Amino acid sequence: NANVVYDMYALGSNQADSVSVNLEKVNSVQLLTLDIKKNFETIYPSLKSTLENIGCTDISYEMGKVTIGDKEFDCMDISSQANGVKLYQKLVAKKCNGYLANITITTVNEDNTDDVIAKFYLVK
């Protein structure tokens with residue numbers, strides 16, 4: 001009955017890199033009309049504010065696309081730094097079965113987010 005359910009969270013051996021997958025309940029009208037790229041751009045100011053509140057600076061983002069299996073998805077890449085440590089995040093979302101599935105990958109010092117997303121595959 002929750003609006004957001006965390007399906008998976010994994011932490012890298014360096015105790016900093018992470019991957020999370022959550023499912024967000026969305027009504028049928030929102031699901032039909034939701035443009036994922038526009039949604040990322042809409043939520044960016046809030047994400048930036050959150051990063052600033054935890055001490056991040058030099059925050060920037062870039063919209064892009066990733067391929068998982070044979071499908072292409074919109075994504076947003078965010079980079080920032082905090083106390084001399086560089087942070088990289090890749091956000092990917094997909095509408096599915098009444099939910100918005102969100103993948104967030106975070107890596108530190110090196111942008112390995114593409115390497116991580118390459119490990120994902122689609123179940124048919």
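**View 1. Who sits in the middle of the largest nonpolar core.** Of the 17 residues in the largest nonpolar core, the ones touching the most other members are Phe-40, Cys-56, Ile-59, Met-76 and Ile-78. A nonpolar core here is a set of buried Ala, Val, Leu, Ile, Met, Phe, Trp, Tyr and Cys residues joined through side-chain atoms within 4.5 Å; buried means under 20% relative accessible area (1.4 Å probe, protein chains only). This is a predicted model: local features need pLDDT of at least 70, side-chain atom pairs count only at pLDDT 80 or more, and totals for chains, interfaces and linings use all residues. Residues are numbered from 1 along each chain as its sequence is written, and side-chain values use heavy atoms, leaving out hydrogens and water.

**View 2. Ile-59 and its contacts.** Leaving aside residues up to four places away in sequence, Ile-59 touches Tyr-44, Lys-48, Leu-51, Glu-52, Ile-78, Ser-79 and Ser-80 (contact: heavy atoms within 4.5 Å). A second, separate core has 10 residues, including Val-21, Phe-73, Val-92 and Ile-117.

**View 3. The buried residues of α2.** Ile-36, Phe-40, Tyr-44 and Leu-51 are the buried residues of α2. Their cover includes β3 (57-68), β4 (71-82), β5 (85-96) and β6 (99-108).

**View 4. The ends of α2.** After α2 comes Gly-55, with a positive phi near 95°.

Note on methods. Buried < 20%, exposed > 50% of the residue type's maximum accessible area, 1.4 Å probe, protein only. Helix = DSSP H or I, 4+ residues; strand = E, 2+ residues; numbered from the N terminus.
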